[in-house]
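Here are my notes on this one, jotted down as numbered points. Have a look at the structure first, then read on.

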Amino acid sequence: VFLDVFTGTSDPYVKFKVAGKEVFRSKTIHKNLNPVWDEKVSLLVESLREPLYMKVHDKSTDDFMGSAYLYLESLEHQRTLDVTLDLKDPHYPNHDLGSLELAVTLIPKEGDFRETHQSLRLSDVHRKAQLWRGIVSISLIEAHDLQPMDANGLSDPYVKFRMGHQKYKSKTIPKTLNPQWREQFDFHLYDEQGGFIDVTLWDKDAGKKDDFMGRCQVDLSLLSKECTHRLDLPLEEGEGTLVLLVTLTASTAVSIADLSVNVLDDLHERKEILHRYSLLRSFHNIKDVGMVQVKVIRAEGLMAADVTGKSDPFCVVELSNDRLQTHTVYKNLNPEWNKVFTFNVKDIHSVLEVTVYDEDRDRSADFLGKVAIPLLNIQNGERKAYALKSKELTGPTKGVIFLEIDVIYNIVSPTLFYLLAFFEQFVFEKHVDVFSNASSEQYSFLLFVHSFCSLFLQLFVVVVWNFELYMLPLLLLMLLAWNYFLIPVSLSFSFFQDSERKGFMNKLYAIQDVCISVQNALDEVASYGERIKNTFNWTVPFLSWLAIVALCAATLAVYFIPLRYIVLAWGVNKFTKKLRDPYSIDNNELLDFLSRVPSDVQVVCIPYNIHRGWLPQDCNS
């Protein structure tokens with residue numbers, strides 16, 4: 001397909017419409033005025049009197065770039081024709097906007113087209129119901145030498161990521177031209193050939209539109225899988241460089257089969273799987289925790305999503321980063337799928353999610369219902385009817401789904417996996433190659449050595465070594481005395497300065513931001529309080545046993561090792577962490593552990609097993 005636009009560059013894509021409804025949307029070709037899509041799609045047309053309407057847009061600005069009509073009555077049946085259409089703008093009919101080239105074949109409909117044909121490519125709006133091929137993990141590390149956007153010569157930068165319909169936004173780093181974020185974002189990869197991730201940098205401004213600071217792009221097709229790539233990306237339409245770590249990870253071994261092809265029903269295969277995850281093989285492959293087999297049998301009494309009083313349901317099964325789906329059963333409220341899904345288990349505390357959608361060819365799939373089942377709550381071989389719930393799992397919706405699930409896992413491997421993850425950060429050899437990279441790593445290394453020998457570390461060691469308990473209330477008294485003499489004066493001075501500098505709207509926005517921050521903080525504190533309570537209530541027995549092991553180890557450590565030495569070791573570890581891994585993302589093992597314990601809301605919404613074996617009445621389906 002050839003396009004000719006007056007000036008500049010564009011990111012064109014094409015919308016196809018029939019009778020005013022969008023039936024297909026092409027992929028986006030980035031930064032190209034002569035794009036080649038090379039895509040195929042089968043479209044159902046009810047009447048040849050309705051022309052096929054095509055509109056070309058620019059993805060980055062969503063500007064209209066021209067349109068054309070294809071009159072189907074002029075086409076010959078069963079013959080492929082090369083068609084060239086001139087793009088026009090109705091408001092400027094004399095302008096030459098380029099041309100669109102298509103290869104079109106008109107095939108008469110035989111029987112039920114929807115049951116015998118599948119679209120060769122789902123549009124972007126359907127991708128949330130499509131099987132992804134892998135995960136793209138992006139670690140946003142830092143930026144250098146950014147353009148100052150504020151009157152004080154600094155900026156308040158944050159970053160936006162976009163790949164298709166997936167979007168992320170980083171936190172804002174105030175008043176700096178060399179921000180460090182240390183954040184990680186995960187994208188689902190649908191195309192095996194990769195794709196593009198659009199990255200834009202913005203300056204946060206309270207009460208007005210944020211300032212654009214530059215853009216860059218990550219071409220995933222150029223990156224190899226299963227390894228981490230460090231990218232120093234110069235910003236286009238701006239100043240500075242953005243530093244990212246990008247890792248492409250393929251989905252783990254998953255499979256779909258008919259109900260007649262069941263691995264666990266074969267006694268020989270089942271025996272081999274049980275042997276693979278037996279206690280004697282606990283140390284063979286610590287990261288291979290287990291496997292889960294899900295039989296999606298049928299659903300009954302689904303909600304009618306179409307105007308005909310029927311639905312076109314299909315089922316999506318998700319576990320961690322893996323996602324599989326059944327075929328679509330058309331015009332049916334009691335569909336039978338009879339499919340078997342097999343997943344590898346990487347975290348035994350994962351929650352299996354089964355969602356039912358209604359397929360729509362002219363818009364995104366409609367949600368019909370969902371169930372969430374913790375793996376530890378599954379009773380093997382039991383065929384059970386699960387009541388479908390809303391997206392948030394807070395209330396029931398119409399219909400039930402029949403599932404039969406088997407989980408086989410090694411009971412020791414999860415604990416070994418967590419211990420391995422905890423101690424991996426202390427393995428120095430893993431990061432030796434950091435010191436043999438480019439000059440920027442060498443510069444970072446020198447900075448970290450300087451940090452190691454800095455006055456702060458020496459001061460920390462001296463204070464901890466000489467600390468006595470009476471110094472704690474003395475320090476508080478000194479702080480109170482200091483604030484008593486200095487804070488009133490500085491407050492009054494800054495109050496008058498702020499009153500002159502800030503307007504009413506700025507103050508209002510500031511109050512709003514503070515209120516939202518306080519509300520989020522209180523919610524987070526309450527959630528962690530509930531998780532701690534549920535740890536001691538044995539809501540998830542495995543995690544409670546893991547807490548017992550950790551507390552026993554902590555008790556022995558504190559009993560035999562003086563607390564002063566433990567605090568010194570903790571402080572030296574914090575100061576030298578950047579030396580061992582300059583691009584590590586801050587992580588708290590205690591918070592990671594608590595994140596796996598359900599809060600009270602999750603206990604109500606997801607049926608976790610309690611140690612006495614009962615389930616909350618609201619969740620018992």
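1. Let's begin with an open sheet of four strands, ordered S2-S1-S3-S4 and paired antiparallel. Strand S2 (21–25) and strand S4 (64–70) sit at the edges with a single partner strand each, so one side of each has no neighbour in the sheet. On average, neighbouring strands here are turned by 25 degrees against each other, direction ignored. Keep in mind that this is a predicted model.

2. Staying with that sheet, strand S3 (residues 52–58) runs antiparallel to S4, and six bridges join the two. If you want a spot to check by eye, Val56 stands opposite Gly66 in S4.

3. There's another open sheet of four antiparallel strands, in the order S9-S8-S11-S12. Its edge strands are strand S9 (166–169) and strand S12 (211–219), each pairing on one side only. Strand S11 (residues 196–203) pairs with S12 over eight bridges, in the antiparallel sense, and Asp198 has Gln217 in S12 as its bridge partner.

4. On to charges: the whole structure has seven salt bridges. Arg215 is in strand S12, while Glu237 lies in the loop between strand S13 (228–234) and strand S14 (241–250), 22 residues apart. Glu237 is exposed, at 58% relative accessible area, whereas Arg215 is partly exposed at 27%.

5. Lys533 and Asp600 also form a salt bridge, their closest N and O atoms being 2.9 Å apart. Lys533 belongs to helix H7 (residues 504–536) and Asp600 to helix H11 (residues 600–605), so this pair ties together parts 67 residues apart in sequence. Lys533 counts as partly exposed at 39% relative accessibility, and Asp600 is partly exposed at 27%.

6. Arg298 and Glu300 form a salt bridge with closest N and O atoms 3.1 Å apart; Arg298 is partly exposed at 24%, and Glu300 is partly exposed at 33%. Lys295, Arg383 and Glu404 are linked in a network of salt bridges.

7. Finally, which residues make the nonpolar surface patch of about 750 Å²? They are Trp465, Leu556, Tyr559, Phe560, Ile561 and Tyr565. Helix H8 (residues 541–560) gives the most, with three residues. Tyr565 is placed in helix H9 (residues 563–580) and counts as partly exposed, at 42% relative accessibility.

Methods: Residues numbered from 1 in each chain as written. Predicted model: local features only at pLDDT ≥ 70, side-chain atom pairs only at ≥ 80, totals over all residues. Heavy atoms only, no water. Pairing = 2+ DSSP bridges. Axes fitted to C-alpha atoms, helices over the stretch in contact; angles between N-to-C directions. Patch = residues over 30% accessible without salt bridge, like charges linked within 9 Å, V, L, I, M, F, W, Y side chains within 5 Å. Areas by Shrake-Rupley, 256 points an atom, 1.4 Å probe, with all protein chains shown as cover. Salt bridge = Lys/Arg side-chain N within 4 Å of Asp/Glu carboxyl O. Buried < 20%, exposed > 50% of the residue type's maximum accessible area, 1.4 Å probe, protein only.
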